[in-house]
Amino acid sequence: MLWAASLRHLLRHPAQLALALIGLSLGVATIIAVDIATASSQRAFELSMDAVNGSATHQIVGGPEGIDERLYVELRTHPVASGSGAPLELTPIVEGYVTVGSSAMADREMQLVGVDPLAGLGVATSPADLGRWAGHQNRIGALRKWLTERGSVVMAAGTARQLGLETGSRFRVGVGGVDYPAVLIGQIAQESAAYDALLLTDIAQAQEWLGRVGRLSRIDVRMPKGPEGEAELALLRQRLPPGVGLHEAQGRTRESLDMTGAFTTNLKAMSLLALLVSTLLIYGAVSFAVVQRRRVIGILRALGATRAEVLLIVLAEAAVLGVVGAGLGLGLGLLIGRELIVLVSRTINDLYFVVAVSEAVLPVSSVVKALLGGFGTALAAALLPALEVAGSAPQLSLRRSVLEARAVNLARRLIVVSAVLAAGAGIVVMVSTRSLFAGFAALFMLLLSVAAITPAVLRGLARAAAHFVGRASPIARLAFGDIAASLSRTGVAVAALGMAVAAMIGVSIMVESFRESLRDWLGHTMRADVYVTAPGPGADRPERRIEPGVMQALLAIPGIASHSESRQVEVESPSGPLAMSALRLTRVGYSALQLAAGDAARAWPAFERGAVIVSEPLAWRLQLGLGKELTLSTASGLRRFPIAGIYREYGNDRGNVLISLEQYRRYWHDDQVTAMGLYLAPGVEAATVIAGLRTAAHGRQALLIRSNADIRAISMSIFERTFVITRVLYWLAAGVAAVGLISSLLAWELERSHEIAIVRSIGLTPVGAGLLIEAQTGFMGLVALVAAIPAGLLTAVVLTDVINRRAFGWRIDLHLTVAQFTNALLLALVAALAAGVYPAWRTARASIAGDIREE
Amino acid sequence: MLILKQLCRSFHEGGRVHRVLDHADARIEKGAAVAVVGRSGSGKSTLLNVISGIDQADDGTVEYDGRDITALLEPARTLFRRQHVGFVYQFFNLIPTLDVEENVRLALELNGVRGAEARRRSAALLGEVGLGDRLHSAVDQLSGGEQQRVAIARALVHEPALVLADEPTGNLDEETARQVFPVLVSLTRERGATLLMVTHDSALAGSLDRVLELRDGRLKPVGG
């Protein structure tokens, strides 16, 4: 009977039940969606790496120019064997990023992998595989086609379908702006997404396309298990020439995934914000459901229901709510997650590596997390009110004033809690100097401190408004007085909204500050009038190079006064691969680079002599400083380079090393150029020169030729794209807050229906009643804003100076604009007013007679 | 003159139709004080709600001074009630977040009387009901009798032509009821308003000008 009473209560308030479920499921869904998006991208990358690496345990890796293929021949003809064990198995690989396209389809970035079918250890390209993919029964026939037909490639059947290609289709493969004809000779019909981003070709073909004739990207090694294997590895290491290293294959994959670590941590923190907001709202919804039934519970207690029984009922209800909410959140998260995958993988492609995500991965841990999160949140939210109501004497009706008095006392105590949390956040930031986790902990403490102080601020301001405005009008007094007098209802809702608004102010100030810092940095750094770059995916890929002949032709165009050259590559170091820019700068170019540490007068001469200048993110990540040295793997082995300066850079969150082009060529034996900056003679129009450059390159190499303004605009658009996800997550958190606000207002309206009915009975019109509710919700929105502004500013400081610094090493100047606050004002007001519409409509339509009778 | 013609109102309770007003008729002269008696659940409160426009009749009309209240739409009914009706309830129905004077002034403000004038009139009437020294007390600090006097002041402050009282002494002890009831009747009479009072107390009912009994959905005069 007790359970029936409980169930019927829930079913009699479907709107309340639905809103509590929506709030909880949105919070859970956000976490699930982020998990799906990040896990799917990582899984796609891992699968693709596994497909390329196969069963390789180690990789032999060289510098930007790769490895001389003669090393492979040498190792095959004179195998490394410890005597007792089998020799090490080796597979040569040539890989690079290319663009695949045809007149019938949009360009798509893919990873070209050149393999030797006869040495297949990594990618499964045995003659049998080739035969199967090409639909040939005859292995030899397929192999002949692979080896002899120019431009032969295979790709995943799913990818081919997306690109509109069939076996036998001809299309083009773009490498650094140069197009090559290709033909699809087979399709990999595998359900796994491992091959989705891969384009397989013969190793010799890949060498030709990527401009690496005679060179290998790496040699995959499979080490036999046991001590013999270890011994063979030691022998192999001894036989490697200088500049060539041996690394664990799993470690290389991990290093690549680690690149996205800070990015995914930020996403997860944003999703946690949504759950935090929903926790508050669930607390509001559950505690209201308990308070609403205090009379019924009192009757049950008077009839003999024990405290334990009452406690059990309330907690069981919350548990059911939690499980159902989590279940719904799981489904909703899957839907949102599929959309988020597009945004996340686009950002990863923009910033880190090429990945094609074709299937959504939902880790089991995420499901468990969602269920526990939803269940735990609802249970924790219910515990306090459940203990309170179960512990009360079995009286028929706990007076409302007693409840509100408790809420007021709690609000007062929460002021202290808020101060402690804010101080705690400051202490955590000061004590932990590098920990990103501590940074996020401080951020959440700050947001919770906003939530904790909001009820007291709301009560204070509502009382003040009731006092001053109420002098003139009892209706105004009624409106504001009710807010202050119903703190148990209004406090939690406004706290949740305040937290969401504080987060919005913080995030928008951070994004705006970042945008302005980037704009300022681009303004300083991008000094050339025209930039010419070899196109293609991956910023540091060696295959991106301007053909020497084309470069000569371009520089012969009239109007070019001077030019800078750069080579962007990835070099090995004991700390893993590092992005390097080798520069030959003009005099203007030197002044363009802003040094955050180091004296320009000394740094640049040292730079010319062979010192390096590192970017702020790299200096932060590897804890580098002036006077220290950076060890890099050169063509002649490891070499220590003195650090002459640290420069500001926002282009690469993993950091960058600057070295002079002459020194680079000297140590890495690579004379390619990735990009050029052209400085025009006075009076020469950039558009005229660009037209000339395009004509000169036409038919030879499809270079990216852009004016200074264009390149800045492109950089800014990539920046905007990167923050789309942040905005999506932020709006989800705001959505949760708005739903919670509606839920709380409905609950509040239900409680006040009698009071409103009295005022209606003495002449307040339905529109007047609706306006009364809207005035109250608008006021609550404003209070949320008042509480959120200082906290939002502090949040912005933590986000820019702590989180961004610790995650990426960037130093961002705080940039405040009026728009950040007006947007927050709009959000607070719109959310509050929108949340008030339905309760206002219900109030206006409510039956006065019925509500008055319900005393 | 208040004229009720063939007034019908029924409620659906589960699958059953409960007809509380069944072609009820009555004519109440201006300035008269009339009691309505009847058993619990006979529809007395519904009758007051329909007359005030809080509830709507299924059929029939309520005319006040030649104006058909039942023909008005909701906003117009609210305006009618605001200007012409004062309501006194059994459970006082004061607004707990407003003080004594504000509860009374609220009715004036809804009628567009604001500022000093509204304060003066509220304070004056509260003085008449004996609460001149409790103007700014919180309503939940008052006794039941005091709360009902505040409710009477609120019902009369805007000088309505029709005062509807639904068991105004039903929540008071006998002695307090004997103190509050004359206040309601005398203040209503002084203002020339019509009083329609629902009560179970036959003694109080008998002290008014007329008594109507609501039985089987119809109004019948009691005692001649």
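Author: An open sheet of chain B holds 6 strands in the order β6-β7-β8-β3-β9-β10, and the pairing is mixed. The model is a predicted one.

Reader: What makes β6 and β10 of chain B stand at the edges of this sheet?

Author: β6 (85–88) and β10 (218–221) of chain B each have a single partner strand, so one side of each lacks a neighbour in the sheet. From one strand to the next, the twist averages 20 degrees.

Reader: How do you know that β3 and β9 of chain B are joined?

Author: Two strands count as paired when there are at least two bridges between them. Strand β3 (residues 33–37) and strand β9 (residues 210–215) of chain B have 4 bridges and run parallel; therefore they meet the criterion. Within this pair, A35(B) is opposite V211(B) in β9(B).

Reader: Which helix lies across β3, β6, β7 and β8 of chain B?

Author: Helix α6 (residues 174–190) of chain B lies across β3, β6, β7 (162–166) and β8 (194–198), at about 140 degrees to β3(B). Angles run from 0 to 180 degrees between N-to-C directions.

Reader: What is the order of the open sheet of 4 strands in chain B?

Author: The order is β2-β1-β4-β5 (chain B), with antiparallel pairing. Its edge strands are β2 (16–28) and β5 (67–68) of chain B, each of which pairs on one side only. Helix α1 (residues 44–52) of chain B lies across β1 (2–13), β2 and β4 of chain B and runs at about 60 degrees to β2(B).

Reader: How many bridges let β4 and β5(B) pair?

Author: Strand β4 (residues 59–64) of chain B pairs with β5(B) in the antiparallel sense over 2 bridges. At least two are required, so the pair qualifies. D68(B) in β5(B) is the bridge partner of E63(B).

Reader: Which strands pair with β13 of chain A in the antiparallel sense?

Author: Strand β13 (residues 560–571) of chain A pairs with strand β20 (residues 675–680) of chain A over 6 bridges. β13(A) also pairs with strand β14 (residues 578–584) of chain A, over 7 bridges. S562(A) has Y679(A) of β20(A) as its bridge partner, while Q568(A) stands opposite S581(A) in β14(A).

Reader: Which residue takes a positive phi in the hairpin of β13(A) and β14(A)?

Author: G576(A) takes a positive phi near 105 degrees in this hairpin, which has 6 residues between its strands. β17(A) and β18(A) form a hairpin with 2 residues between them. Strand β17 (residues 629–634) and strand β18 (residues 637–647) of chain A run antiparallel and are joined by 6 bridges; E629(A) is opposite P642(A) in β18(A).

Reader: How do you know that the span of helix α17 of chain A agrees with its 39 residues?

Author: At 1.5 Å a residue, the 39 residues of α17 (residues 487–525) of chain A should span 57 Å, and the end C-alpha atoms are 54 Å apart, which agrees.

Reader: What makes α17(A) mostly covered?

Author: A residue counts as buried if 20 or more other C-beta atoms lie within 10 Å of its own. In α17(A), 29 of the 39 residues are buried, so the helix is described as mostly covered. Of the 855 residues of chain A, 52% are buried; in chain B, buried residues make up 49% of 224.

Reader: Where does the kink lie in helix α26 of chain A?

Author: The kink, of about 40 degrees, lies at A788(A) in α26 (residues 766–808) of chain A, shortly before the proline P790(A). Just after α26(A), G809(A) has a positive phi of about 85 degrees.

Reader: How many residues does the contact take from chain A and chain B?

Author: Chain A gives 21 residues and chain B gives 22 residues. On the side of chain A that touches chain B, α16 (474–485), α25 (724–761) and α28 (848–853) each supply at least two residues. The largest share, 7 residues, comes from α16(A).

Reader: How do the residues of the side of chain A that touches chain B divide?

Author: They divide into 12 nonpolar, 5 polar and 4 charged. Gly is counted as polar in this division.

Methods: Residues numbered from 1 in each chain as written. Chains lettered and ligands numbered in written order. Predicted model: local features only at pLDDT ≥ 70, side-chain atom pairs only at ≥ 80, totals over all residues. Contact = placed C-beta atoms within 7 Å. Bend = angle between axes of the 7 residues up to and from the residue. Buried ≥ 20, exposed ≤ 12 C-beta atoms within 10 Å, placed from the backbone. Expected span 1.5 Å × (residues − 1).
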